[in-house]
Amino acid sequence: MHGQGQSDGPIVPRKRPNNVRPLGTAEGVEGEGPAEGKPSQQNAPRMQSRTSVSSALDRIRRAARENKGLRFTSLLHHVYGMRSLMEAFGLLKREASAGVDKVTWREYRKGVLGRLSSLMDRLKRGGYRAKPVRRVYIPKADGRQRPLGVPALEDKLVQLSAVRVLNAIYEEDFLGFSYGFRPGRSQHDALDALAVGIERKRVNWVLDADIRGFFDAISHEWLVKFLEHRIADQRVIRLIQKWLNAGVLEDGERYRTEVGTPQGGSISPLLANIYLHYAFDLWANQWRQRYAQGDVIIVRYADDFVVGFQSKVDAERFLEELRDRLAKFGLELHPDKTRLIEFGRYAATNRRQRGEAKPETFDFLGLTHICGTDRRGRFQLVRRTMRKRLRAKLKEVSATLKRRRHEAVDRVGRWLGSVVTGHARYYGVPTNYQSLAEFRREALRLWRRALSTRSQRGRVSWDRLNRLARRFVPPVRIYHPWPSERLCVTT
């Protein structure tokens, strides 16, 4: 497996024989050079130029592309190089919350060169220690709370530097139907791929799946095995293990984390993609090629994925075998969020002939997908804003307007305009005009209510509100092209 192309056998990394050496252009660059843990002096320059960082990542990327079985043995110096750390620091969010160290980006900026030099030295000699992440909770659309981890600033910085190096490798390995948290790929790319797949392939059944508590269920042992399939530099493996084992600080108590990776760190999305690349993606792709009797489409965004099938027999078999596959790696499908439904261009006709109700709908990345028709009566995939997402956002808008009702009208108007525009920039897909108009209309109604409570003069008239709306809140528009148009351009 190492030094050769990937086989069609079980997708589980194996240890590399000691007598096998990498071939080709990677020799002497990122291959089996110095012994593990003993990098040569030339591999740890004191300073890198911006060009040298970019060219080094290009060499890693090229080696990964040309040799899918290559294991990289000398990577850490790309992480701790001064230019790499400086660029990572520049990419951090300026206003992000502080971790347990209580250090913000602006505070760290004071004397940043000395701080980075110290950090580089600790990384180089193995003296770097990861701090526990600070646990916070953010509300979800369904009323529950999602736990997030806020790493210390230096941990965020090093993680981001490591992500840039690891992305150079894994972006050459990840499959095309994986979209979540990848450079150059967005949620709308995944939505486009799903829409085009449903409309152009013979899809009659859809598996809408979600992995229960995925980020909290990741096995550290399996994750390390997956990483070692490509990473032979044990210093990088130990660095990642430090982040995994740093634990969580909540209400002053520190908790060890033997499984899972806290959401919120720069490294977590990449580790999640690596885990699912081996646990799901490669297996699902092979299953599609080996066992499917009809068309199969797959679109995954993080731990949320949709699989479309031409045959119900294929769909039921895939779902049954998927449960066993995920269980092997400590994962399970969420029973309430995983459904197999009849869906596609013939679903409505087939169900009507059987005397059944309209096809069920499914949600993916904030949009409800519906079997509809165009003006000519032909099948058309209709997408609407998820009702719970729309209601949750309006509830948030209402609370903010109440809090800011005594501020200047112009200031609140500009804020509300930015909210309505931001909402439309995400949900403004073809066939969703009705939901966008409803959001704008309800947001304006909430603004009128807030304005009416500013004084004893009575309620604000609709004429005045409409004048304010024309000034501050842009009209509804569709921002995104039809999926088939954009997908053809991007691919």
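The tour goes from a sheet to ring pairs, then to charges over rings and a helix crossing.

Before you click: this is a predicted model, where local features need pLDDT of at least 70, side-chain atom pairs count only at pLDDT 80 or more, and totals for chains, interfaces and linings use all residues. Residues are numbered from 1 along each chain as its sequence is written, and side-chain values use heavy atoms, with hydrogens and water left out.

**Stop 1: ring pairs.** There are 19 aromatic pairs here, counting rings of Phe, Tyr and Trp (its six-membered ring) with centres within 6.5 Å; planes under 30 degrees apart are stacked, over 60 edge-to-face, and the rest tilted. Pick Trp-287 and Phe-318: their ring centres are 5.2 Å apart and the planes sit at 85°, so this pair is edge-to-face. Trp-287 belongs to helix 11 (residues 268-290) and Phe-318 to helix 12 (residues 312-328), 31 residues apart. Both Trp-287 and Phe-318 are buried (under 20% relative accessible area, with exposed over 50% and partly exposed in between, using a 1.4 Å probe and protein chains only).

Next, jump to Phe-343 and Phe-362, with centres 5.0 Å apart and planes at 75°, so they are edge-to-face. Phe-343 and Phe-362 are buried as well.

For a cluster linked by ring pairs, select Phe-214, Phe-215, Trp-222, Phe-226, Tyr-275, Tyr-278 and Phe-329.

**Stop 2: charges over rings.** Stay on Trp-222: Lys-225 lies over its face, 4.7 Å from the ring centre. The rule wants NZ of Lys or CZ of Arg within 6 Å of the ring centre and within 35 degrees of the ring normal. Then hop to Tyr-479, where Arg-477 lies over the face at 4.1 Å from the ring centre.

Methods. Helix = DSSP H or I, 4+ residues; strand = E, 2+ residues; numbered from the N terminus.
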